[in-house]
Amino acid sequence: MEIKKIIEDSSRYLMNTYGRLPVVLRKGRGVKVWSADDKEYLDFVGGIAVNVLGHCHPKVVVAIQKQAQRLIHVSNLYYIENQVKLARLLVEHSFADKVFFCNSGAEANEGAIKLARKFARERFGAGKFGIITAINSFHGRTYGALSATGQPKFHEGFEPMLQGFTYVPFGDIDAMKEALEKQKPDAACAVLLEPIQAEGGVRMPPPDYFKQVRELCDASRVLLILDEVQTGMGRTGELFAYKHFGIKPDIMTLAKGLGGGAPIGALLATAEVSEAFTPGSHAATFGGNPLVCASAIATIQALLEDNCYLIEHAKRMGSYLAQKLSGLKEAAPEHIAGTRGLGLLQAVELTRPCGPVVLECIERGLLVNCTANNVLRFMPPLIVQESDIDQAVQIVSDALKKL
Ligand SMILES: Cc1ncc(COP(=O)(O)O)c(C=O)c1O
């Protein structure tokens with residue numbers, strides 16, 4: 001189909017939920033993608049932190065092909081071999097003892113909220129259902145995940161939200177303490193936080209914040225849920241970001257990078273907490289089907305290979321990208337308010353909205369994301385090389401000069 005026609009038909013047949021950029025992507029390999037008019041782009045968006053191994057990684061492609069020939073979907077009414085293999089890999093490399101599979105980040109967070117509430121009800125009685133989350137957080141678009149999201153702009157028009165959510169400033173341990181105390185006696189069942197507020201502008205927690213949150217949760221008999229939908233799967237230079245903080249959550253949610261591009265989400269929990277779910281408590285028709293699990297197994301095995309070589313590489317490339325981005329700030333202080341991030345989740349906060357910069361970058365062959373209005377977010381695949389980073393940062397620098 002002609003590009004103009006694709007764009008016209010998109011507004012004719014698709015609901016108007018995305019402000020799309022004027023590119024039709026048709027092919028991808030590694031860190032690069034090509035549009036329908038054969039223009040080459042360096043992809044520093046990576047499907048919004050999904051393509052951890054880059055586009056069409058051969059191991060992922062082969063795993064999907066082989067599985068598609070054998071068995072694509074069967075119901076969770078039966079045992080699914082790939083699901084068990086994937087769950088075992090996740091359990092062996094995390095704090096968790098049990099896994100539930102679903103299809104997206106929002107759905108994983110729905111599951112986490114339900115699990116926390118059911119656990120608390122069975123353990124402590126009906127009143128302990130409050131969930132404390134952070135202002136400026138993002139947890140997804142379904143009602144539970146949306147209610148957990150501490151940004152009123154996403155709630156607008158969809159009220160009323162689910163009851164029982166309290167929002168506190170991210171990184172403010174006194175506010176967290178106060179919220180937990182206010183909810184006493186025993187009203188909060190869980191604290192739900194992202195390790196780094198990614199959609200909210202790549203906001204970093206202060207050092208020791210998560211250690212202190214963990215202590216407060218323990219003292220209040222409140223579960224700690226970490227939403228690692230964006231930070232998980234090696235993105236920050238550890239398989240899961242909580243490993244940077246020297247703590248363990250009780251529940252963790254994953255999606256995005258987990259399937260290497262296939263749509264899969266997961267809810268991980270300790271054995272004790274998992275027991276609150278029993279047959280019939282929760283379900284997902286497609287959750288962890290043979291096809292998506294084959295893709296996820298290939299992805300996680302590639303990440304773990306050679307003593308987690310790729311994750312170490314991501315850590316090194318993350319430091320390199322961070323250093324280049326702070327160099328950009330020195331060269332153009334009038335455009336840049338600050339730079340921050342961890343591993344290959346990096347950001348440049350501009351002194352103005354970043355939409356025009358994103359368009360200039362597209363013109364010059366770079367896909368980069370704008371979040372929180374003025375934050376350029378960089379989420380390249382973990383296989384990115386220094387030369388890709390040099391090229392990307394040069395394009396951003398040129399785009400800033402043009403403005
Ligand atoms: C931290 C976090 N949680 C949840 C979600 C929602 O994931 P999904 O779009 O797969 O529902 C996102 C999506 O950006 C996210 O960044």
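In which loop is P160 found? P160 sits in the loop between α7 (152–155) and β6 (165–169), and this briefing will come back to that spot. The model you are looking at is predicted. Its chain is divided into domain 1 (3–56 + 308–402) and domain 2 (59–302). Let's walk through it topic by topic.

**Two domains and where they touch**

- Start by finding the two domains: the C-alpha centres of domain 1 and domain 2 lie 26 Å apart.
- The contact takes 25 residues from domain 1 and 24 residues from domain 2.
- On the side of domain 1 that touches domain 2, at least two residues each are supplied by α2 (46–49), α11, β11, β12 and β15 (375–378).
- Helix α11 provides the largest share of that side, with 5 residues.
- By class, the side of domain 1 that touches domain 2 divides into 15 nonpolar, 6 polar and 4 charged residues.

**The largest nonpolar core**

- In soluble globular proteins, nonpolar side chains tend to be buried together.
- Here the largest nonpolar core has 120 residues, and the members that touch the most other members are A116, L223, I251 and A266.
- Helix α11 (residues 290–331) gives this core its largest share, 16 residues.
- Both domains take part, with at least three residues of the core coming from each of domain 1 and domain 2.
- To see one member up close, pick L223: leaving aside neighbours within four places in sequence, L223 is in contact with A116, F119, C189, A190, C217, D250, I251 and V273.

**Around the ligand**

- The ligand is surrounded by 15 residues, and the closest are S104, G105, A106, G140 and V229.
- Helix α5 (residues 105–124) contributes the largest share of this shell, 3 residues.
- Sorted by class, the shell around the ligand has 6 nonpolar, 6 polar and 3 charged residues.

- Strands of a sheet pair through backbone hydrogen bonds, either parallel or antiparallel.
- Strand β2 (residues 32–35) pairs with β3 in the antiparallel sense over 3 bridges, and K32 stands opposite L42 in β3.
- The hairpin formed by β2 and β3 has 4 residues between the strands, and D38 in the turn has a positive phi of about 65 degrees.
- Strand β3 (residues 40–43) also pairs with β13, this time in the parallel sense over 2 bridges; here D43 stands opposite L367 in β13.

- Strands β11 (residues 336–342) and β12 (residues 345–350) pair in the antiparallel sense over 6 bridges.

- Look for L146 in helix α6 (residues 143–148).
- L146 counts as buried because 21 other C-beta atoms lie within 10 Å, and the cut-off for buried is 20 or more.
- Not counting residues up to four places away in sequence, L146 touches G140, R141, F154, H155, F158 and M161.
- Of these, M161 is 15 residues from L146 along the chain, yet their C-alpha atoms are separated by 7.6 Å.

**Backbone angles worth a look**

- Most residues other than glycine have a negative phi, and most peptide bonds are trans.
- Back at P160, the peptide bond from E159 to P160 is cis, with omega near 5 degrees.
- I48, in helix α2, is not a glycine but has a positive phi of about 55 degrees.
- With 14 other C-beta atoms within 10 Å, I48 is partly exposed.
- M233 is not a glycine either, and has a positive phi of about 60 degrees; M233 is found in the loop between β8 (223–227) and β9 (251–254).
- Is M233 buried or exposed? M233 is buried, because 29 other C-beta atoms lie within 10 Å.

Note on methods. Residues numbered from 1 in each chain as written. Predicted model: local features only at pLDDT ≥ 70, side-chain atom pairs only at ≥ 80, totals over all residues. Pairing = 2+ DSSP bridges. Buried ≥ 20, exposed ≤ 12 C-beta atoms within 10 Å, placed from the backbone. Contact = placed C-beta atoms within 7 Å. Core = buried A, V, L, I, M, F, W, Y, C linked by C-beta atoms within 7 Å. Domains from an automatic or database assignment. Near = placed C-beta within 6 Å. Nonpolar A, V, L, I, M, F, W, Y, C, P; charged D, E, K, R; others polar.
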